[in-house]
Amino acid sequence: MRNLLLTIRYDGRNYHGWQIQKNAVAVQDVFQQAIRRILGESPDLKGCSRTDSGVHAYEYCISLKIDRDIPCERFQAALNHFLPPDIAVTGCREVPMEFHARYSCSGKEYVYKIWNHPVRDPFLDGRALHYWYPLDEEKLDRAAQYYLGRHDFTSFCTSDSRERGDLCRTVTKSEVRRDGSLVTFTVAADGFLYNMVRIMVGTLLRVAEGKFEPGDVPRILEAQNRKAAGPTAPPHGLYLQRVFYPPEAFSLP
């Protein structure tokens with residue numbers, strides 16, 4: 001038996017997130033079908049994260065255990081042969097048997113893209129939020145700095161049926177940058193709550209509209225109340241950019 005770590009990237013426009021759902025096509029569905037065509041069976045896939053419908057990934061990690069002696073490069077090539085054009089396997093490596101794509105993860109980095117121009121860009125349809133009002137990226141960056149550090153992010157979490165648990169997270173990177181008409185918010189943390197990044201973005205857009213000031217972010221955090229923050233930004237501007245693991249997680253015996 002071998003434990004493999006696969007890294008993939010995908011355009012999320014045609015999928016209802018990673019995890020299999022009833023009456024909706026998810027990335028996991030398509031991935032399992034490709035594996036079944038290669039192995040004749042579907043091993044249990046461990047994804048590094050749930051992603052919402054329409055969210056994209058530059059790097060998404062999957063671990064799975066197989067009892068086949070297929071070299072990693074051949075397995076990767078075979079998967080890419082059977083996967084659709086909007087999903088690609090970018091890497092495959094053998095990892096310790098106890099490695100788990102989700103539970104061995106030490107952090108993630110997301111980027112949210114905003115096309116800030118009066119005219120929409122057809123090539124960014126479904127890949128960036130079109131926001132036509134002027135954005136002061138320096139003001140938004142000042143607001144984003146207040147996300148840094150360890151906080152209770154209850155105000156930035158959508159309640160659902162999942163167990164709430166500890167809602168404190170440590171944010172290690174939070175910045176807003178502009179490249180021409182493309183404004184990006186990049187955030188890294190040791191973990192993220194349900195819709196956390198999208199609510200962070202929605203709150204920054206409230207700052208852009210003058211409904212919040214940058215200095216209001218600490219008050220919103222302290223409120224520990226979802227109603228205190230801004231709206232949940234649309235999913236199609238969000239990308240899972242990087243997944244972090246400690247070096248020891250890859251140490252084979």
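Predicted model: local features only at pLDDT ≥ 70, side-chain atom pairs only at ≥ 80, totals over all residues.

Reader: Which strand holds Y110, the residue UniProt lists for "binding site"?

Author: The UniProt listing comes from an unreviewed entry. In the model, Y110 touches residues including S49, F185, L238 and Q241. As for its place, Y110 sits in strand β5, residues 107-115.

Reader: And is Y110 buried or exposed?

Author: Buried means a relative accessible area under 20%. Y110 has a value of 7%, so the residue counts as buried.

Reader: Where do the buried residues of helix α2 fall, seen down the axis?

Author: Helix α2 spans residues 72-82, and its buried residues are C72, F75 and L79. Seen down the axis, they fall within an arc of 65°, so they line one face of the helix. On the other side, E73, R74 and H81 are exposed. The buried set packs against β1, α1, β3 and β4, and the place you asked about is one face, within that arc of 65°.

Reader: How many disulfides does the structure hold?

Author: A disulfide is a covalent bond between the sulfur atoms of two cysteines. The cut-off used here is 2.5 Å between sulfur atoms. The sulfur of C48 is 5.1 Å from the closest cysteine sulfur, in C61, which is too far for a bond. C72 is in no disulfide either, with the sulfur of C92 3.4 Å away, and the number of disulfides in the structure is zero.

Conventions. Residues numbered from 1 in each chain as written. Heavy atoms only, no water. UniProt positions renumbered as here; feature names shortened; annotations may be inferred. Helix = DSSP H or I, 4+ residues; strand = E, 2+ residues; numbered from the N terminus. Buried < 20%, exposed > 50% of the residue type's maximum accessible area, 1.4 Å probe, protein only. Contact = heavy atoms within 4.5 Å. Arc of directions from axis to C-beta. Lists of a residue's contacts leave out its neighbours within four places in sequence.
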